[in-house]
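Open the model in your viewer and switch to a cartoon view. The tour goes from the sheet to a helix and then to a pocket.

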Amino acid sequence: MSTSLNVSVPAGAALKLELRSDGSLLARRGDESRLVWLRQSFPWTESSRFLSLRDADDEEFAMVDSADHLDPDSRRALEGALVVAGFVLELTRVLDIDEEVEVRHWTAETVQGQRSFQTRLDEWPRQLPRGGLLIRDVAGDLYYLADREKLDRQSQRLLWSFVD
């Protein structure tokens, strides 16, 4: 990984993240590793950006300005930790999915209320290691679906072509 990324770590030390089986997040850079928790910074509308990774003493271990700057395994670990931390909107129903030239328009209900959002056509819902789906919109907001089998019939029909 290049050290020119917008992740605040010492020069030459790439940040690596691992979501452990107990739900804790292990952060490593160079020879140092710590269990960390996430503190979201402003703006809260961009839930996967500007995350402070803090240790048990509430000291910042690293700042991640965008999950996109992490390697794929670390990005998946961070996304899993975001779900655990509750920085995501929880989908309860999909009302409509409409495709345009380069984006997909979603209308959905979440625990937090009805939302409309867009995803790129090449951005697919991701299966999470412990189950569920994670959808990232063009603004970087995350939408979590715990169990698509519990969705109503229309929601399942709308989602079937996007997941296996």
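Six strands form an open sheet in the order 9-8-7-12-11-10, with mixed pairing. Strand 9 (113–120) and strand 10 (126–127) are at the edges; each has a single partner strand, so one side of each has no neighbour in the sheet. Strands (E, at least two residues) and helices (H or I, at least four) are DSSP runs numbered from the N terminus; strands pair if DSSP finds at least two bridges between them.

This is a predicted model: local features need pLDDT of at least 70, side-chain atom pairs count only at pLDDT 80 or more, and totals for chains, interfaces and linings use all residues. Residues are numbered from 1 along each chain as its sequence is written, and side-chain values use heavy atoms, leaving out hydrogens and water.

Select strand 7 (residues 89–99) and strand 8 (residues 103–110). They run antiparallel, joined by seven bridges. A hairpin of three residues connects them. Show Arg-93: Glu-109 in strand 8 stands opposite.

Strand 7 pairs with strand 12 in the parallel sense over two bridges. Leu-89 has Tyr-143 of strand 12 as its bridge partner.

**Helix 1**

Select residues 72–85. This is helix 1, which packs on the sheet and touches strand 10, strand 11 (133–136) and strand 12. Contact means heavy atoms within 4.5 Å.

Which residues of the lining are closest to the centre of the largest pocket? Select Leu-19, Gly-80, Leu-128, Pro-129 and Arg-130. Helix 1 gives the largest share of the lining, six residues.

A pocket is an open set of points on a 1 Å grid over the protein atoms alone, where a 1.4 Å probe fits, with protein on both sides within 12 Å along at least five of seven lines; lining residues have an atom within 4 Å of a point.

Definitions and conventions. Axes fitted to C-alpha atoms, helices over the stretch in contact; angles between N-to-C directions.
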